[in-house]
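User: Hi! Could you walk me through this one? I'm new to reading structures.
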Amino acid sequence: MLLAGGALFLSLVMYGVFTVRHIFNNEDVLIRIAAWHLPVAGLAAALSLHASVKHRSNAGLGLLVCSVLAVLFFLFFSTS
């Protein structure tokens, strides 16, 4: 649970860094690292799926919903 929450928070922070760096056209190492926000959100979704199924955790289910929404949000705004 803690790993899933941390991965979800990290992916949101990385998306914010990626967006701000991209707006100001800063092509550096930080933007390449922050571009990993989608796989990190996918990892959060996988971890929370494991927690919600194996441990029957309601908090894991909530994290799963938040992680899937974050992945869909990232995909929607990455393609538009």
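This is a predicted model: local features need pLDDT of at least 70, side-chain atom pairs count only at pLDDT 80 or more; totals for chains, interfaces and linings use all residues.

User: Ok, and how many residues has α3?
Analyst: Helix α3 has 18 residues, 37-54. From first C-alpha to last, α3 reaches 26 Å, close to the 26 Å expected (1.5 Å times one less than its number of residues).

User: Which residues of α3 are buried?
Analyst: H37, V40, A41, A44, A45, S48, A51 and S52 are. Buried means under 20% relative accessible area, exposed over 50%, and partly exposed in between, with a 1.4 Å probe and protein chains only.

User: Why are they on the same side of α3?
Analyst: Because they cover an arc of only 145° around the axis, taken from the directions from the helix axis to the C-beta atoms. An α-helix has 3.6 residues a turn, so residues three or four places apart point the same way.

User: What does the face turned away from the buried side carry?
Analyst: That face of α3 has the exposed residues V53 and K54.

User: New topic: is S67 buried or exposed?
Analyst: S67 is buried, with a relative accessible area of 0%. S67 sits in helix α4.

User: What does S67 touch?
Analyst: Leaving out residues up to four places away in sequence, S67 touches L8, A41, A44, A45 and S48. A contact is heavy atoms within 4.5 Å. A41, A44, A45 and S48 are also among the buried residues of α3.

User: And where is L72?
Analyst: L72 is in α4 too, which covers residues 58-79.

User: Zooming out, how many helices and strands are there?
Analyst: Four helices and zero strands, so to speak α-α-α-α from the N terminus on.

User: How much of the chain is buried?
Analyst: Buried residues make up 30% of the 80 residues. The C-alpha trace spans about 45 × 25 × 15 Å along its principal axes.

Definitions and conventions
Residues are numbered from 1 along each chain as its sequence is written. Side-chain values use heavy atoms; hydrogens and water are left out. Helices (H or I, at least four residues) and strands (E, at least two) are DSSP runs, numbered from the N terminus.
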